[in-house]
Amino acid sequence: MTADHPSLAQLLDASAQWWEAAGVDLCFADEPNAWLEEPPAPAPAPAPAPALAPSQAAARLKAGTADAQRPDAPAEVPVPCDLLGKTPPQTLADFQEFWLTDPALHPAPLPSRIGPRGKAGAALMVLVLDPEPDDTEKLLSGPQGALLAQILRALGISPGAAYVASALPVHTPMADPQALAKSGLGQVVLHHIALVKPARILAFGAGLAPLLGLENDNHQMSLRENKHTPLIPPVLQHEALASLLAMPKLKARFWRRWIEWSAQNS
């Protein structure tokens with residue numbers, strides 16, 4: 001290149017020398033620039049779906065869910081079971097037999113089940129989530145039962161005047177009431193109550209709310225309508241009997257709530 005036609009390198013070098021002579025050795029801008037930006041890496045290809053075993057594929061086809069393998073298939077919604085069946089027990093005696101013999105209610109062996117005690121039309125129905133760990137022939141035969149007997153005496157209710165029942169037929173540690181309600185057990189509990197026809201219900205256990213159809217753990221209201229039989233008795237829900245034994249302060253709270261609730265539902 002001649003002096004009349006300098007090259008691009010000469011122009012850049014001359015420009016840099018000019019700014020350096022002027023005392024400018026840095027350049028600032030309001031907006032950042034990625035001068036050395038690299039192109040984005042291509043997205044990895046999706047991994048192929050694992051192949052189903054022949055038995056699994058046959059099971060899905062039989063259930064009508066073969067399309068569940070597709071990424072765009074909708075999630076399956078579990079359908080609650082009707083544990084009462086097409087012909088629910090019509091009398092309390094029939095229900096108590098159903099409670100002890102129906103295999104769908106609980107996976108535990110039938111001889112380990114504990115039945116309710118009391119008569120229909122009780123002035124008060126006491127409901128707990130499950131039997132005590134050492135119960136064998138009588139529901140609440142241990143420390144929780146002793147505490148309940150003291151509570152009933154203080155309420156002026158004789159042991160034979162109360163109907164005592166559990167939502168589960170055997171002791172079940174870490175039971176999930178929400179899952180139990182979705183499985184259909186809530187309908188069984190409500191049908192049991194409808195056959196007992198108690199004047200009032202005292203439920204010990206915060207987790208009983210889903211099984212009773214209550215809106216929240218401490219809600220005080222009449223039970224909702226059962227699809228088999230309408231329910232109207234009011235219910236007072238409190239902490240479990242085991243919690244009252246472990247924390248005596250809860251006993252004072254129970255008595256305050258009982259007095260207020262009784263005044264509203266006498």
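**Exercise 1. Find out why Glu 239 counts as buried, and trace its salt bridge.**

Step 1. Glu 239 has 17% relative accessibility, so Glu 239 counts as buried. Buried means under 20% relative accessible area, exposed over 50%, and partly exposed in between (1.4 Å probe, protein chains only). The model is predicted: local features need pLDDT of at least 70, side-chain atom pairs count only at pLDDT 80 or more, and totals for chains, interfaces and linings use all residues. Numbering starts from 1 along each chain as its sequence is written, and side-chain values use heavy atoms, leaving out hydrogens and water.

Step 2. Search the whole structure for salt bridges: one turns up. A salt bridge needs a side-chain nitrogen of Lys or Arg within 4 Å of a carboxyl oxygen of Asp or Glu. Here the side chains of Glu 239 and Arg 253 meet, at 2.6 Å from N to O.

Step 3. Glu 239 sits in the loop between strand 5 (234-238) and helix 8 (241-246), and Arg 253 in helix 9, so the pair ties together parts 14 residues apart in sequence. Helices (H or I, at least four residues) and strands (E, at least two) are DSSP runs, numbered from the N terminus.

Step 4. Check the accessibility of Arg 253. Its relative accessible area is 29%, so Arg 253 is partly exposed.

**Exercise 2. Describe the surroundings of Arg 113.**

Step 1. Locate Arg 113: the loop between helix 3 (92-101) and strand 1 (124-128).

Step 2. Arg 113 counts as buried because its relative accessibility is 5%.

Step 3. Look for a charge partner. Arg 113 has no salt bridge; Asp 102, the nearest side chain of opposite charge, is 5.8 Å away. For this test Lys and Arg are positive, Asp and Glu negative; His and the chain ends are not counted.

Step 4. List contacts (heavy atoms within 4.5 Å). Beyond neighbours within four places in sequence, Arg 113 touches residues including Phe 98, Trp 99, His 106, Pro 169 and Val 170.

Step 5. Compare chain and space. Arg 113 and Leu 168 are 55 residues apart along the chain, yet their C-alpha atoms are separated by 8.7 Å.

**Exercise 3. Summarise the whole protein.**

Step 1. Count elements: nine helices and five strands. From the N terminus they run α-α-α-β-α-β-α-α-β-α-β-β-α-α.

Step 2. Take burial: 34% of the 266 residues count as buried.

Step 3. Take contact range. Among contacts between residues at least 6 apart in sequence, 67% join residues at least 24 apart.
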